[in-house]
Amino acid sequence: MFVRTATASTTAAALLGAGALLLPADRPEAPERQDAPVVVAHRGASGYAPENTLAAVDAADALGIDWVENDVHRTRDGVLVVLHDNDLKRTTDVEEVFPDRAPWAVKDFTAAELAKLDAGSWFGTQFTGARVPTLTQFLHRMERNRQKLLLEIKSPATYPGIERDIIQVLGRSGWLDRSHVRSRLVIQSFGADSVKKVHSLRPDITTGFLGTPAVADLPAYAAFTDQINPSYATIGADYAAAVQRLKGPHGKRLRVNTWTVNKAADAVKARDYGVDGIITNFPDVVRDATS
């Protein structure tokens with residue numbers, strides 16, 4: 001669940017105001033520790049900037065966070081866009097701009113129509129005018145920041161063929177070369193068939209399944225996915241160990257990235273469970289608690 005606080009707004013202003021983003025050379029260095037989990041900024045640093053916007057990507061970069069998670073949908077005219085919900089109501093002003101278009105589903109709007117929407121002012125006035133980015137725009141910003149991407153395919157049944165579309169955009173944007181595929185890209189989904197499709201189209205891409213399959217079912221998932229990425233509330237040390245005992249399709253042990261962990265105490269528990277990564281709205285809080 002998304003959490004906003006006065007501290008988050010203050011931090012966002014400090015990070016993003018007046019062009020004050022840190023340059024990569026100025027990033028705070030987290031203490032290196034072998035057992036520290038990888039920290040993934042959930043929808044960007046969404047505790048400090050409007051989720052899934054370029055501002056959230058930059059906020060993660062300013063905090064020194066390399067891995068960013070995002071969510072991908074497809075517009076009516078076939079453009080891939082970065083947004084979490086199936087509809088546009090919660091995080092844009094769509095009801096004001098297009099009052100007669102209920103239920104305001106993403107799939108019912110063109111990319112040009114989405115480009116007219118304000119996706120930032122709901123979070124804070126300093127973000128007024130932020131837009132819903134296309135996947136291409138999002139990738140270009142992450143490339144500029146030298147960040148890494150955990151890409152979630154949202155509602156794949158709503159968008160037949162979206163896996164192939166995503167792979168095409170990744171290829172056009174330079175994200176399917178050896179360097180990106182080896183260490184900077186993971187594609188995940190709650191839909192097992194969608195993950196299987198990605199694996200069949202590009203077996204070299206690292207994939208993740210979102211959910212907590214029964215331990216007895218894990219070997220079947222290991223045939224097509226490299227990660228099992230469960231909700232923090234559904235796991236413990238035994239489950240993490242059961243996943244990690246298996247090897248995925250690339251011959252490496254399965255990894256566990258858990259979500260969405262926003263409190264320092266919960267981050268420490270997740271680390272002690274032995275997870276490989278923690279997905280969070282407040283990546284600095286998790287990093288500092290687990291390093």
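Colleague: Which residues of helix α8 are buried?
Modeller: This is a predicted model, in which local features need pLDDT of at least 70, side-chain atom pairs count only at pLDDT 80 or more, and totals for chains, interfaces and linings use all residues. Residues are numbered from 1 along each chain as its sequence is written, and side-chain values use heavy atoms, without hydrogens or water. Helix α8 covers residues 192-201, helices (H or I, at least four residues) and strands (E, at least two) being DSSP runs numbered from the N terminus. Buried (under 20% relative accessible area, against over 50% for exposed and in between for partly exposed, with a 1.4 Å probe and protein chains only) are Ser194, Val195, Val198 and His199.

Colleague: Why do the buried residues of α8 line one face of the helix, and within what arc do they fall?
Modeller: The arc is taken over the directions from the helix axis to the C-beta atoms. Seen down the axis, the buried residues of α8 line one face because they fall within an arc of 140 degrees.

Colleague: What covers the buried residues of α8?
Modeller: Contact here means heavy atoms within 4.5 Å. The cover includes α6 (162-172), β4 (148-153), β5 (185-189) and β6 (206-210).

Colleague: Which residues have the most contacts inside the largest nonpolar core?
Modeller: A nonpolar core joins buried Ala, Val, Leu, Ile, Met, Phe, Trp, Tyr and Cys residues through side-chain atoms within 4.5 Å. The largest has 72 residues, and those with the most contacts inside it are Ile166 and Ile187.
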